Every structure is written in structure tokens, then in C-alpha cells.
Amino acid sequence: MPQLPFVQVDAFASDPFTGNPAAVMPLEQWLPDDVMQAIAAENNLAETAFTIPAVGDADADYELRWFTPAVEVKLCGHATLASAHVLMAGDSIRFRTRHAGVLDVSRREDGYALSLPAWAPAHKALPELAQAMGGDVVETLWRDGGYAVFLYRAQDAIEALTPDFSSLKEHGDILLIATAPGTGTDIVSRVFAPGAGIDEDPVTGSAHSIIVPYWAQRLGKPSITAFQASRRGGYIDCLLTDDRVVLTGQCRTVIEGMFSL
């Protein structure tokens with residue numbers, strides 16, 4: 001029976017049982033897509049990251065793909081951070097991805113710094129989604145690729161949200177990001193993806209590649225502290241630099257073993 005290495009990592013986790021769990025499964029070559037999707041469903045985590053060595057690629061060390069229990073996604077920050085935590089041998093590592101280019105992760109004293117593309121959203125009316133999100137939505141924004149942003153007035157409004165997941169799921173694979181000014185941090189957020197098989201994602205790097213460009217302009221500063229107010233919760237230090245968003249966080253390995261295929 002084939003055995004595949006399996007590591008579960010809590011990413012953007014400063015304390016035990018916080019942050020966002022991801023499975024990291026280093027491979028020598030890609031498995032069929034339907035097999036990787038089935039493995040991700042079996043793992044039943046927000047994302048399972050699969051990597052292979054980037055042979056002959058001068059710009060990357062590994063190729064990287066991410067699967068939720070239901071779909072393959074275009075960008076996942078926390079599972080990239082987790083993959084770096086598992087695979088990094090030196091001070092940095094580079095991942096070739098299919099939709100987000102090459103992603104760099106470097107080692108820091110307080111964890112890792114992940115460089116993601118800055119995907120600034122634009123104003124767009126999203127009345128059906130806003131109604132299903134609930135609460136008093138102040139403004140809605142959209143980024144092509146399936147990213148919706150809902151602005152609220154304060155952190156307590158974010159914490160009180162009880163979205164209608166069945167209605168949101170009908171709109172397909174959309175990352176739904178609720179955000180507001182924070183109390184202990186510059187900004188706060190919660191992130192939902194019922195169309196991708198994840199009602200609420202604990203800590204979402206890709207969401208911050210969308211909202212950090214917006215908040216950096218609104219707050220008038222490139223460096224932003226963020227808290228994702230899920231049940232597990234997670235803190236991220238964010239920096240907007242040119243066309244990149246750099247997210248800094250810690251990782252903790254919680255499970256190591258073999259997956260029997």
C-alpha cells in the first residue's frame with residue numbers, strides 16, 4: 001500500500017490550538033487531480049497543500065497546489081506558510097503556483113514572512129451576498145477571481161455575524177471577507193467560503209492579499225496589524241510594498257505521519 005508523508009501544521013498560530021490547520025503532503029510527482037481532491041476531502045481541513053520539486057525551474061524550489069475538501073483553489077496563504085515550515089532548509093523558499101505566480105517565504109526571528117500578490121478590490125454592489133452575510137454592511141467590494149469584501153463599522157459587528165451559509169453556497173466558490181477597524185489591532189476580519197466546502201476559515205492569508213491594499217490606502221500607512229476573529233483566531237502582521245502584501249506569522253507542527261493510499 002503506497003505511503004505518503006503527511007504533516008499537519010497550525011499556521012498563523014502564536015499559541016496552541018489557534019491559527020489555521022493545514023495538511024502538507026510533499027510528493028515526488030503529481031498524483032491524479034481526483035486523487036488529490038479525495039485526499040483533501042479525507043483530511044477534512046480547510047486546505048491540503050501538495051508539493052513536488054520544481055526540477056529545472058531556476059525561479060522556484062517547489063511547485064505547490066492547494067485543495068479544500070471540495071475544490072482546488074487559486075491562492076492559499078496559510079497552507080503556503082505551512083509548506084515553508086515543513087520544507088524550508090535555509091533562510092528562504094520559493095513556490096511556483098498555477099494562478100498566483102512564484103510565492104516567496106523567508107525565515108524571521110518571530111516566524112515566517114510570506115509574500116503574496118496585492119489584489120486590490122474595487123467597489124461593486126453585491127446586494128444578495130450582503131443580505132446573506134447579515135449585519136449592517138456599510139460597503140461592498142469585489143476582486144475578479146471570486147473575492148467579495150463586506151465592510152462593517154466596528155469589530156463587534158464582525159464578531160456578531162451569523163451568515164446564511166445555505167444562501168451563500170448557492171453563489172458558488174466565492175471567498176467572502178467581512179472586515180472592519182479593530183480594537184486591539186488596526187483591522188479585524190472573518191472569512192467564509194461555503195461554496196468551497198468551508199463555512200468559516202480560521203485564518204486566511206489570501207483574504208489579506210485582498211483587504212490589506214484597501215486598508216493601507218484608507219488608513220494611510222503600509223504597515224497594518226490584523227486579527228481574524230474566528231473561534232481559533234489568529235494575528236497577522238501585514239505590509240504593503242509595491243505590488244506585494246507581506247504577511248508575517250508563526251507555525252506549529254501538530255501531527256506527523258504517513259497517509260496510506
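Q: Before looking at single residues, when does a residue count as buried, and when as exposed?
A: Let's settle the cut-offs, since several answers below rest on them. A residue with a relative accessible area between the two limits is partly exposed. Buried means under 20% and exposed means over 50%.

Q: Is Ala 125 buried or exposed?
A: This is a predicted model, and in it Ala 125 sits in the loop between strand S9 (122-123) and helix H3 (127-133). Its relative accessibility is 64%. Exposed means over 50%, so Ala 125 counts as exposed.

Q: How far apart in space are Ala 125 and Arg 252?
A: Along the sequence, 127 residues separate Ala 125 from Arg 252. In space, taken from C-alpha to C-alpha, the distance between the two is 40 Å.

Q: How many disulfides does the structure hold?
A: A disulfide needs two cysteine sulfur atoms within 2.5 Å. For Cys 251, the closest cysteine sulfur belongs to Cys 76 and lies 11 Å away, which is too far for a bond. Cys 76 is in no disulfide either, its nearest cysteine sulfur being that of Cys 251. The number of disulfides in the structure is 0.

Q: How many residues of helix H2 are buried?
A: Helix H2 runs over residues 77-87 and is mostly covered. Among its buried residues are Gly 77, His 78, Leu 81 and Leu 87. Of the 11 residues in H2, the buried ones number 9.

Q: What is the radius of gyration of the chain?
A: The secondary structure comes to 6 helices and 18 strands. For 261 residues the globule rule gives 18 Å, and the chain's own value is close to that, so the chain is as compact as a globular protein of that length. Its radius of gyration is 17 Å.

Q: What share of the chain's contacts with a separation of 6 or more comes from residues 24 or more positions apart?
A: As background, buried residues make up 53% of the 261 residues in the chain. Turning to contacts, which are heavy atoms within 4.5 Å, the share from residues 24 or more positions apart is 61%.

Q: How far apart are the mean positions of the positive and negative charges?
A: The chain has 18 positive and 33 negative charges. Their mean positions are separated by 3 Å.

Conventions: Residues numbered from 1 in each chain as written. Predicted model: local features only at pLDDT ≥ 70, side-chain atom pairs only at ≥ 80, totals over all residues. Heavy atoms only, no water. Helix = DSSP H or I, 4+ residues; strand = E, 2+ residues; numbered from the N terminus. Rg over C-alpha atoms; globule rule 2.2 N^0.38 Å. Buried < 20%, exposed > 50% of the residue type's maximum accessible area, 1.4 Å probe, protein only. Lys, Arg positive; Asp, Glu negative; His and termini not counted. Charge placed at Lys NZ, Arg CZ, Asp CG, Glu CD.
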